[in-house]
Amino acid sequence: MKKAILLLEDGFMLEGVSFGAEGEALGEVVFNTSMTGYQEILTDPSYKGQIVTMTYPLIGNYGANDEDLESARPWVEGFVVKERSRVYSNWRGRWPLADYLAKHKIVAIEGVDTRALTRRLRLSGAMRGIVSTLDLDKESLLAKCLASPGMIGRDLIKEVTCSYPYEWGAGKKEFSVVAFDFGIKYNSLRSLVKAGCCVKIVPATTTAKDVLALKPDGVFLSNGPGDPAALSYVVDEIKGLIGRLPLFGICLGHQLLACALGGKTYKLKYGHHGGNHPVMDLETKKVEITAQNHGFCVDMDSIKDKSVKLTHVNLYDKTTEGIRHKKLPLFCVQYHPEAGPGPHDAGYLFGRFTDMMRSHAKKKRH
Amino acid sequence: MIIGSGPIIISQGCEFDYSGTQACKALKEEGYKVVLVNSNPATIMTDPEFADATYIEPVTPEFVEKIIAKERPDALLPTMGGQTGLNVAVAIAKKGVLKKYGVEMIGADRRAIEKAEDRHLFKKAMLKIGLDLPRSSNVKSKAGARKAVASLGLPIVIRPSFTLGGTGGGIAFNMQEFEDLISRGLECSMIHEVLLEESVIGWKEFELEVMRDRKDNVIIICSIENFDPMGVHTGDSITVAPAQTLTDVEYQNMRDAAIRAIREIGVDTGGCNVQFAINPKNGRMVIIEINPRVSRSSALASKATGFPIAKIAAKLAVGYTLDEIPNDITKETPASFEPVIDYCVVKIPRFTFEKFPGADPRLGTSMKSVGEAMAIGRTFKEALQKGLRSLEIKKSGLDSVVREKDFDTREHLMEHITQKLETPNDVRIFYIGDALRQGMPLEQIQSLTAIDAWFLENIRDIVDFEAILKNSKMTKELLRRAKELGFSDKQIAGLTNSTEDEITSLRSASGIVTTYKLVDTCAAEFEAYTPYFYSTYETEDEVRVSDKKKVMILGGGPNRIGQGIEFDYCCVHASFALKEIGCETIMVNCNPETVSTDYDTSDKLYFEPMTKEDVLNIISKEKPWGVIVQLGGQTPLNLTLSLQKAGVNIIGTSPESIDIAEDREKFKNMLDKLKLRQPPNGTARTFDEAKAVASRIGYPVLVRPSYVLGGRAMEIVYDEDTLEKFIVEASKVSGEHPILIDKFLEDAIEVDVDMIADGETFVVAGILEHIEEAGIHSGDSAMVLPPYSLGESVIDKIRQATVAMAKELKVVGLMNVQYAVRDNKVYILEVNPRASRTVPFVSKAIGVPLAKLAAKVMAGMKLKDLGFTKEIIPEYSSVKESVFPFNRFPGVDIMLGPEMKSTGEVMGIDEDFGRAYIKSQLAAGQNLPVKGNVFISVRDKDKRSIIFIAKRLFDLGFGVVATGGTAKALKKSGMEVRTLKKVYEGGPNILDYIKDGKINLIINTPSGRIPREDEVKIRSTAIMHGVPCITTISGAQASVNGIEVLLKKDLDVKSLQAYHSRK
Ligand SMILES: Nc1ncnc2c1ncn2[C@@H]1O[C@H](COP(=O)(O)OP(=O)(O)O)[C@@H](O)[C@H]1O
Ligand SMILES: Nc1ncnc2c1ncn2[C@@H]1O[C@H](COP(=O)(O)OP(=O)(O)O)[C@@H](O)[C@H]1O
Ligand SMILES: [Mg+2]
Ligand SMILES: [Mg+2]
């Protein structure tokens, strides 16, 4: 049993036991309330730059496999749990969680009061933190922590986006879609394919001109890590697509689209990370239970264009969860209709996207 | 109108009071006028303030119709009263009653209920939405069944349609079992239909609690994984929340399936329980069943998450949508979300096989447990161990149950363990521990039990750590780790050759303090306002201790025979009452089925085991002004001495007085002083002492251990040989306490008295005359208030004796006395210096909330100021009847004795005894006939008294059938009697008559103290075929009165409020 320490920038410290890779991890500490789906969470590129603690205390019960991946590898900086299971039990399980983390060089700590940590984050807000299995000296860890960059103003998509375009969903499909990879999740791609799209994934730095040249039926703006305010170079390109192609954004994609429509974002106190948030579709008044993973949020008041409509709102804290344009073919949501992990209630949005592409194509023909 | 679930029976426990109470409250809050029917007086929901019109009447279609005709409700909510509620609702809908009176069924309508309950319709519906089910075939006859089994193969699952808790169902492993189960199944089904189903024994079993609103928003409240795999009823399984071994992909797949299912079944609003099985080898998922109502699991899910399913279901039923209802716990967020938890919940069933010798102790698809304990911990290991010590079965955690020295060879030991692992039983969990201790490989345990490796591995962690504890020197780190793994101080002491107190002091000296965390529905994502706590060993404690005057109420723990809902009722009342007078109330209990563990019953709720350690930990945190031990039954009472030693202020009757009442010798001295009479008696610690006592007072004698409830291990003994046998048995139960021997009073009338006192004023609350004679446990007898046959002078003697004893004991609060009356002499059988089982019944009969008054008195108020100083003798008659679980234990004799066997009770109220009695019988499911054949077979002693009874039945038009001796006696008095062969004389005998439905009523008193085998068969067969069987002359007399009332066909219904306003 090797000791490990988690320290927050405000000096809050928990001692535990290391169970992943040896080392030190720095990042913003956030909690996720999903009770299942830790492997999807680990491999979600949106967690780049973050240390994740699971509020559910028993993690690793079903091990890790090579199917429930949201990208090719884990991205979290560090992983914090109450008790990781030494064995795993599931017919699809391949490796114990600890082995999986060690293989991918993720520092992990168990045996800590994750509820106390969560309460701390809720009360004081998301903070920088450090997990270390090497240096166990509080002062020195605190210094390292304070020297690390925060989330605000940070461009992290360049670290997770693909270097070259690639395709997903071979074979003949009704729609061809270009997907900006800001840290895209496999489940978004799976969902697009299931909705009848063949997808060309392009790097975050792709220009509007290049996208238009591909003549897609629509453009998908993916999720991703970091502060949208730091991504004006992407926002500019999105501006060039608005009105010309149907657009569908998720999470960071939604924030960027909102910025392109003239909006601003702000940082939430401790973010939304989990699979149980109620979101109301203001048009149908129906509530969907949604997967959430974001630290920044769109300020609806900052969008002056009266044609931009709020479509979805979070019933927990009334924050913006979705918008659309009254005249132009575009809509986006803050949450994760692709799930992975999380409920499938919002999966219909992919259908809404294909409907939009279909009617756009029709309009163009006339 | 809300339908309650009636008496507590196996598979339908007090969780329906919890749900029903929430529903009543929620609807009243919305300004609806609530009409309630429930025959169970021991429920909170039937307290007059919870509904506008409360009918304590039989929950049968006939009576519900009468109530509807009288009250003309606009809507009927059938989903709160368990299977009983659904069945009655469907029955009256079919009869056209709802249409006739313009009543709308809300929550789930008739079509939805039928779709979920009728296995055939269910299968069709599930296939329609693309869900997989076990292959199956519906049959309506034995011949059809044989054909089906040929194609489905063995083992095979037999499920009767329209029953509850799997009554009459089972798994057949061979053709013999198959034939037996088919006959029983067809018999039990309300529509004589049975589903034969492919067995998926050994698959993983899961449950989801789902809610839907009228806008079709659907949410999952909780997932539950069964520790015991398919084949053991979920009610009998250890279950864990949330599901532990599903990936998100599988969980979401199950969630989608459940959502599709609730939509297809058409439960418009409210809660629904969906059960699934998953093949652990390949993940094939099949749907097992849907309960379109609140259930035992929904109660568990509510307690496990903090989300009040029943309350929300009631609000949804009247038209709210989930997003319009706030989450009480977080206040700011709405109910339209899915609770997440950051702890592990383990529920463990409580069994009472020891009370039913001869019952098949194997667990299967038909439920057998009578209660449950729930425990919360940060890990499965911690929760499991807390749960095991919550059961109160003399285990302090995952204790060892085999003693190596009992086995001559290791092979025999391993054989024994193997056998206990292979067939599911009530103690299997302990044998898993022992198998690991004996080095059995985990894979072998898994293949024997089919329990998921994840659970077994966690148990191995516990066992491994046990070995470390045993073999190392105790250190602070080890002790802390032990506490984190859920080990109790007592358990650690046992493993380290020390005492519980030593470990406790070591723990506090090492600074290892218990921390308390909140159950908040949201894993700390939001601030929670409802103080619902569990203990664990972590770094942060979330309790905020107030400086108000605090009273802690100790609950009764898991329900069991002898200690059930009645005690919870009293605890809840105490909490309500103390809140009224400005105290802060703190409830401690571990029973998830109850109202006491509802988060808004008390100011604070600690969901904790009812052990000395756990209770003292809370006390040292909260430092309450006072602690109440006299309301939760024997469980808290047994803690009295330890609490007192720890300096706790026990309010109410003093611990010294409690000790006088509980300790036979001290008690005897007191009675001598008061010149009160007791049956001749003595105490003994050895067989020799016992022998001497028995020969002094003369046989028959009653032997029993002290400090037990429900007559456990109590027997009437007629000779020395039997005496020896029982001394051995009794000393097992009683531990260090002595064994009590009383002269058994034959043919005496038993009387129960409840009284309340404040140290100055002593008021008799109710005198209840038993219908069955002394010797039948007071918890099993029918009783009537006011007495119907006792003379005024005897009643006066009883009254005076009661008050004299209460004065002597300086009772503050409640006291119960049991008397036996013979030849106008009054004998005191026992005094219980606490709330008794009859408190709720008496409260309802006289219209005075006794437990509330008691709590206020304990907090220092006076009865004079509370306005209760005089005994109330109602003009109407109230009868309490008991309900028994014999239909769960085929082959077990239904004879009653001094050991309690009933699981619940009903109340019948009416103008006179006959009417009240028949109502109690109908409510208890005893379907007394108004015509047909009565079979009579009584012992010689009863032959004279039976003649008059038989004659009345004969005159009422019944055909009389009897065995030889009885027939002879009856014929002499000029009755026409058909004589039947004895069972051993071959057929056709009485058994054939019963099976052919030719017998409508049985009167059978036991021939001797050891029942003859054929008698047992007759009685047991009668139960299985739903033929009422009366085993005492007094019961027979009362029943004939009842039948006469029935024939008059003028039984009416009246609300409790109407009765009470009359007094
Ligand atoms: N096909 C089956 N194979 C094996 N066990 C079964 C099967 N169906 C049900 N069971 C077991 O029987 C129990 C009771 O069945 P269920 O359909 O839930 O009836 P109930 O209405 O009594 O709850 C289940 O909890 C499960 O363990
Ligand atoms: N001396 C006696 N003679 C006849 N019956 C008795 C006698 N003592 C007890 N009983 C019967 O046994 C039952 C259980 O005894 P009791 O002392 O009330 O035990 P418990 O503590 O289980 O309630 C009583 O209800 C009564 O019917
Ligand atoms: Mg079931
Ligand atoms: Mg008694």
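Here's a quick briefing on the chain A–chain B interface, a magnesium site and the cysteines. Keep in mind that this is a predicted model. Chain B and chain A bury about 4,700 Å² between them, and there are zero disulfides over all chains.

**Where chain B meets chain A**
- The contact draws on 60 residues of chain B and 47 residues of chain A.
- Of the roughly 4,700 Å² buried between the two chains, 50% sits on carbon and sulfur atoms.
- B:Asp248, B:Arg378 and B:Glu525 together supply 14% of the area that chain B buries against chain A, more than any other three residues.
- You'll find 13 salt bridges between chain B and chain A; one of them joins A:Lys286 to B:Asp216, with the closest N and O atoms 3.7 Å apart.

**The magnesium site**
- Ligand 4, a magnesium ion, is coordinated by OE1 and NE2 of B:Gln818 plus OE of B:Glu830, at 2.1 to 2.6 Å.
- B:Gln818 is in strand 30 of chain B and B:Glu830 in strand 31 of chain B, so the pair ties together parts 12 residues apart in sequence.
- B:Gln818 is buried at 9% relative accessibility, while B:Glu830 is partly exposed at 22%.

Conventions:
Residues are numbered from 1 along each chain as its sequence is written. Chains are lettered from A and ligands numbered from 1 in the order in which they are written. This is a predicted model: local features need pLDDT of at least 70, side-chain atom pairs count only at pLDDT 80 or more; totals for chains, interfaces and linings use all residues. Side-chain values use heavy atoms; hydrogens and water are left out. Donors are N, O and S atoms within 2.8 Å of the metal (3.2 Å for Na, K and Ca); water is not among the atoms, so sites may look incomplete. Helices (H or I, at least four residues) and strands (E, at least two) are DSSP runs, numbered from the N terminus. Buried means under 20% relative accessible area, exposed over 50%, partly exposed in between (1.4 Å probe, protein chains only). A disulfide is a pair of cysteine sulfur atoms within 2.5 Å. Contact means heavy atoms within 4.5 Å. Buried area is the accessible area (1.4 Å probe) that two parts lose on being put together, summed over both. A salt bridge is a side-chain nitrogen of Lys or Arg within 4 Å of a carboxyl oxygen of Asp or Glu.
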